[in-house]
Amino acid sequence: MDLFEEKENRPVTAREPLSYRMSPETLDEFVGQEHLTGEGRFLRRLIESGSITSLVFYGQPGCGKSALAKIIARVWKAHFSRLNAVGSGVADLQKEVGTASKRWEVSNKHTVLLVDEFHHFNRSQQDVLLPWVENGTVRFIGITTENPFYYVNRALISRSQVFEFKPLNDGELKLIVERALKDKNRGLGGYRVKIDEAAVEHLIKNSDGDARRVLNALELGVITTKPVNGAVKFDIRVAEESIQKRALSYDKKGDGHYDTISAFIKSMRGSDPDAALYWLAKMLYAGEDPRFIARRIVICASEDVGNADPQALPLANSAFQAVEAIGMPEARIVLAQAAVYVAAAQKSNAAYRGIESALKDVEKEKTMRVPKHLTKAGQKDYKYPHDYPDNFVDQDYIPEKREYYFPKDTGYERKIKELLENIKGKKSGKEKIPEEEK
């Protein structure tokens, strides 16, 4: 036996997890990351050209980083070695490099050294790799779930090509499931599995773009379900047990979606933060897009809170921006804070009612012309309010008197109401004395 025979070349066994057995062996089998491995893309060209270099892959678990590293070693006809930074140190690196150097001397064969969870190596440990990467003793592939530009030494980054991996989408995960069910050598093709579409969707929805998670759940459900008439019935109940997550009646395109978001908005409008949090939790659990939820909070902050609490809208908008920046699962905290604030805030829909009423007039009635003194041509007749006491002067801003905005005696809008009543008083010569001055 060749001293340096690759472990990756041994036959797979049933004892190995389905996710390991179904690991793609060629670029054509590889699913996902089309922006990197699609025809004509840079990483694919790099792999196929045989231009051996050091690489850094980063992205969430189960999106194909390790699988692609194995494929690269196979295409490059290199030995594949693997370390995990969590349980390895400088001595392990030195041992791997020593073996790689001997391998090159004996068989003229390159070594691809994959280091998993690379961000767990400190700066000094990362520096140890530099000379070996520099002189080509090993071809380094670092894999991390963290942004390497924050966690990996600049010197190592400058000697490597960095690629970001995206979570797998629903269609890609479904293809992986279908392949596993059909493959008789590596997959579950030896079982007669009758799987419901709802069960597949449940596994995919709750795998968070992680192929390893969806395959492990699929295998667990198949091997633990007793066949009936020679067939394994994989229904929604089995899917729930396999992935340890209950299925909710929540169709993103149907009543479940619209009824739940309606209940969420009405709970905020009705000043019930507890109910708002429950409906928020249901939507997040069911996999609703957090950005969609954030948009609804922004709308509610303006439509239902309005000027009763002017801070509600900027807070809700900040929450929307934060959700886009950080994503799930942390986005749930931001959404909860914003929903609770909007639910507990003073309420007024006066601005909302005002614009609705004004729009109806514009739509149905004759359009009014802008008064001449407000136009560029009539500037000499315009009275500049800041030239007058209290920054106010009585002049018309619309040809026909209209009233759309009726502020309420709620929160900050009470002050707005007093201000506008004061202005009306000045016009009529009956200025109102503010409450705090009485």
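**Exercise 1: Helix α16**

Helix α16 spans residues 312-326, 15 residues in all, and its first and last C-alpha atoms lie 21 Å apart, close to the 21 Å expected at 1.5 Å a residue (the expected span is 1.5 Å times one less than the number of residues). Helices (H or I, at least four residues) and strands (E, at least two) are DSSP runs numbered from the N terminus. The model is predicted: local features need pLDDT of at least 70, side-chain atom pairs count only at pLDDT 80 or more, and totals for chains, interfaces and linings use all residues. Residues are numbered from 1 along each chain as its sequence is written, and side-chain values use heavy atoms, with hydrogens and water left out.

Task: determine which residues of α16 are buried, and how they are arranged about its axis.

Step 1. Ala312, Ala316, Ala319, Phe320 and Val323 are buried in α16 (buried: under 20% relative accessible area; exposed: over 50%; partly exposed in between; 1.4 Å probe, protein chains only).

Step 2. Viewed down the axis of α16, these buried residues fall within an arc of 100 degrees, so they line one face of the helix (the arc is that of the directions from the helix axis to the C-beta atoms). An α-helix has 3.6 residues a turn, so residues three or four places apart point the same way.

Step 3. The cover over the buried residues of α16 includes α15 (290-305) and α17 (331-344) (contact: heavy atoms within 4.5 Å).

Step 4. Gly327 follows α16 and has a positive phi, near 70 degrees.

**Exercise 2: Strand β4 and the sheet**

Step 1. Four bridges join β1 (residues 54-58) to β4 in parallel, with Thr144 of β4 as the bridge partner of Tyr58. β3 (residues 111-116) also runs parallel to β4, joined by four bridges, and Leu113 has Phe140 of β4 as its bridge partner. Two strands pair if DSSP finds at least two bridges between them.
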